[in-house]
Amino acid sequence: MVGVSRRAVALFLALGVVWGIPYLLIKVAVDELSPAQIVLARTAIAALILLPLALAQRAVVPVLHAWRWLLVFTVVEIAIPWVFLGSAETELPSSTTGLLVAAVPLAGVALAFVTGQAERLTRTAWLGLVLGIVGVAALVGFDVSGSDLGAVAKVGVVVIGYAAGPAILSRPLKGLPGLGIMATALTLTAVMYVPVVLVADGRPGPLPSGDVVASVVTLGVVCTAAAFMLLFALVSEVGPVRATTITYLNPAVAVVAGALVLGEPVTVWTVVGFALVVTGSYLVNRGGRPAPPTEADVVGETSSSCA
């Protein structure tokens, strides 16, 4: 990153890693835990860390005044996407999942058109949209077997939810503190999933293996709680516009982590799909945004990287 401090570079690289490895950790955890159990454990751990910080900064009460939209944001950004993501990873490689989720900016454009909120796209943005769609088609057509198309559809639900979240932040929740929004949303999700897990999975069974426990704890502490603190620090260091570029590093980390740790194959189509999706997402963002994002916008856009 040109023209920034060493601290900013360190924050950027650290955030790229901690938001690139959740796909790997989820893949490990779903071997022994249900997707709902993973969501409950992860959000509860993160909430225990972030909520006291948000309360200390008096960032919760202002958020609660907009409780209806906060609840909607919680459901579409965390509660539904994270359980669908875990379910999809029972079938898909972690690297493929990470690359498909990288198409969130493309879904954001489509959602804006559907809701009538779309700005006029430049030629650059249209080019990005086409490249991104071709990239997703390459991944689905050549990197995914026919039996896994149901899992791809689940990732599609994740992508739509991640695209809707920033839209809520930039309008009904605009101006509210990002820490308060995320701490409260994670707390609400954990509370929601207590009865879900009890009904769907019953009482807690034996303690999972060490690898699974370590994966879930890392998801909650590092990839969620610490990641958002790193994000807030990065925004204060380089501003909200540059901070959003972190979303283009995470898919590469997901691919490398899946290949090195789980031995997932990296095919030619993986590389082609990655290049097209990330380039397309970058061009869509660059060619379709008339004004710099606020901190809340950045939280919403980059939280889609926190798989």
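Reader: What volume does the largest cavity have?
Author: This is a predicted model, in which local features need pLDDT of at least 70 and side-chain atom pairs count only at pLDDT 80 or more, while totals for chains, interfaces and linings use all residues. Residues are numbered from 1 along each chain as its sequence is written, and side-chain values use heavy atoms, with hydrogens and water left out. A cavity is a set of points, on a 1 Å grid over the protein atoms alone, where a 1.4 Å probe fits but cannot get out; the points are joined across faces, edges and corners, and the volume is the space filled by probe spheres set on them. The largest cavity comes to about 60 Å³.

Reader: Which element gives the largest share of the lining of the largest cavity?
Author: Lining residues have an atom within 4 Å of a cavity point, and here they include Pro35, Arg42, Trp82 and Leu85. Two elements give two or more residues each, helix H3 (35–56) and H5; helices are DSSP runs of H or I with at least four residues, numbered from the N terminus. The largest share, four residues, comes from H3.

Reader: How many nonpolar residues does the lining of the largest cavity have?
Author: Ala, Val, Leu, Ile, Met, Phe, Trp, Tyr, Cys and Pro count as nonpolar, Asp, Glu, Lys and Arg as charged, and the others, Gly among them, as polar. The lining has one polar and one charged residue, and its nonpolar residues number seven.

Reader: Is Ser94 buried or exposed?
Author: Ser94 lies in helix H6 (residues 94–101). Leaving aside residues up to four places away in sequence, Ser94 touches residues that include Tyr23, Lys27, Gly258 and Glu264, a contact being heavy atoms within 4.5 Å. Buried means under 20% relative accessible area, exposed over 50%, and partly exposed in between (1.4 Å probe, protein chains only). Ser94 has a relative accessible area of 0%, so Ser94 is buried.

Reader: With which residue does Lys154 form a salt bridge?
Author: A salt bridge needs a side-chain nitrogen of Lys or Arg within 4 Å of a carboxyl oxygen of Asp or Glu, and the count comes to one. Lys154 lies in helix H9 (residues 149–170) and its partner in the loop between helix H5 (67–88) and H6, so the bridge ties together parts 63 residues apart in sequence. The closest N and O atoms are 3.9 Å apart, and the partner is Glu91.

Reader: How many Å apart in space are Ile80 and Val158, C-alpha to C-alpha?
Author: Ile80 lies in helix H5 and is partly exposed, with a relative accessible area of 36%. In sequence Ile80 and Val158 are 78 residues apart, but in space their C-alpha atoms are separated by 7.4 Å.

Reader: What is the phi of Arg58?
Author: Arg58 sits in the loop between H3 and helix H4 (61–64), and counts as exposed at 73% relative accessibility. Its phi is positive, in a residue other than glycine, and is near 55°.

Key:
On a 1 Å grid over the protein atoms alone, a cavity is a set of points where a 1.4 Å probe fits but cannot get out, and a pocket is an open set with protein on both sides within 12 Å along at least five of seven lines; lining residues have an atom within 4 Å of a point.
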